[in-house]
Amino acid sequence: MIPGISITEILSLTSILFFIGVYGFITRTNLISMLVSVEIILNSTVINFVVINKYLYPELLQGVVYSIFIIAVAAAETALAVAIIINLYKQISSVDVKETETLKY
Amino acid sequence: MELSSFFLMRHEMALLAIALILIIAEIFIPKQKKSSAVHLAIFLFGIHTALGFFPLEENSLFGGMFRTNSLIHFFKNVLNIGVFILLLQSADWIQEKIVKLNRGTEFFILLFFSLLGMYFMISAGDFLMFYVGLELSTIPVAALAAFELMKRRSSEAGIKLILSAALASGVSLFGISMLYATSGSIYFDDILVAISPNNLTILGFILFFAGMAFKISLVPFHFWTADVYEGAPISVASYLSVISKGAAVFILMILMFTVLKPLMEVWENMIYVVALATMFVGNLFALRQQNMKRFLAFSSIAQAGFILLGLITGTQLGTASVVYFVMIYIFSNLAAFGVVQAISLKTGKENIDDYNGLYRTNPRLSLIMLLALFSLAGIPPVAGFFGKFFLYTAAAREGYYLLVFLAVVNVTISLYYYLLVVRAMFLRQSENPIPFFNNKLYMRLGLGITVIGILVLGIYSPLYDYIYELSAAFNH
């Protein structure tokens, strides 16, 4: 609980963060930037869970526990994505989405 | 809680044990004998599949986070059989291509951990277990899609899969957080009591559904499917198209029929539109494909649209027909992918034109392919017809006559492109057809089981009655 700040303000922040992430994922052409955008989305949900837990249902810690799991899984996901990106970089010397277009309809 | 209650997690513990045994075996098997790890993995998984059929009582563990009942147990067995066939079909590929690179065991370990994630996902009792299972089932598959490190296409498939999957899980988590906000709990049982169709819940549900639609490759979210299937190794593509999709459909169906049932007015209309779009886009794009893997990718998108026909009903008949259809779909699609894999392994050819005159040189393979394609299209004597028939029945009983009619129109379209492949194999001549070759034992077994499945599952009717009885568990 932060005195003087209501839940509406924080949830607005997380919604804005979420849409920034989606926008970034769609418009960015650099694979690393796309990964960063996904991380922004996941972090917005983490804040969402913690805030909802703290403001609305403070008697149980379900949301807080959930957020810890999200952070851990997101780390694993990022590690794998970076590993694949590095492998791709070894082959095409680029991390740009435009270079990964050999598969297309 | 007693120690014996852990036996409810028998499937999970056995699979984890197999994966750990393989990790240890990887250390101790000398470098020249790595191919014995393949036999070990298939042997152990075969035992696990057989043991899975022993009955299991209904109960839940860990305060309701993990639950199991007879339908979940049955579906785990179906997944087991699917993965076992997949292992048999990909054994040759691993022995010829991957063991040389000293990475054979890795493949099995990643595959088994992914299957473990699916077990946890379909027997989840709350959204936390569901999310962890979902990620555990997705992340190893992305690693598998990028498995052929030297191939650029494989890496591309891997990065496309992991980024789409991460975006999908982010979106569906945002939806889950909204469901948590309105209902005050992440446990399915508590949500069922507290849920009501207000705006925030509906928005949460739509975001959650969008995330799951990525996994099932429903239409607005299907863009990764064809690219990943084409670039990934064939066994990984067939894993994604049958096992991964089947498990995701199953858990989505359970959630929609139990927890999210109060929102039925919302999801009925949504699924109606998504089902039509999925069937039409999948079928129309499949018409113009030349590569067999892309072709099967779009055909699997179209099949997902048919599955939605059962999902829209929300009845016991719907549950039974979806489970039955998924089971038959696993067998038919594995047969098709198995033939593609056998030919690709021997000759490296993957285009439809390369199949010209296949019947003259490899009659058995082309007959298996014929059966698989007929089953996918839904032509009467084979199992696929009965799967589709029950889906239509379920949808028609709830009054969706127009939807069923349009689905039948789609079957006609799909028949055209399935028959294109059949024509290439049986009627077309070729200057240099694929030469005759003999498959090894594992591949023969893998294809043989699928053929038996395709021929028997449709005719053996007690099976459907059995599934129908089991599905009472989720429809009160």
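Helix 13 of chain B comprises 32 residues and extends 46 Å from its first C-alpha to its last, close to the 46 Å expected at 1.5 Å a residue (helices being DSSP runs of H or I with at least four residues, numbered from the N terminus; expected span, 1.5 Å times one less than the number of residues). The model is predicted, with local features requiring pLDDT of at least 70 and side-chain atom pairs pLDDT 80 or more, whereas totals for chains, interfaces and linings use all residues. Residues are numbered from 1 along each chain as its sequence is written, chains are lettered from A in the order in which they are written, and side-chain values use heavy atoms, without hydrogens and water.

Of the 32 residues in helix 13 of chain B, 29 are buried (under 20% relative accessible area, 1.4 Å probe, protein chains only). Gly348(B), just after this helix, adopts a positive phi of about 75 degrees. Helix 6 of chain B (residues 152-183) has 32 residues and should therefore span 46 Å at 1.5 Å a residue, in agreement with the 46 Å between its end C-alpha atoms. In helix 6 of chain B, 29 of 32 residues are buried, and Gly184(B), just after the helix, has a positive phi of about 80 degrees.

Note on methods. Helices (H or I, at least four residues) and strands (E, at least two) are DSSP runs, numbered from the N terminus. Buried means under 20% relative accessible area, exposed over 50%, partly exposed in between (1.4 Å probe, protein chains only).
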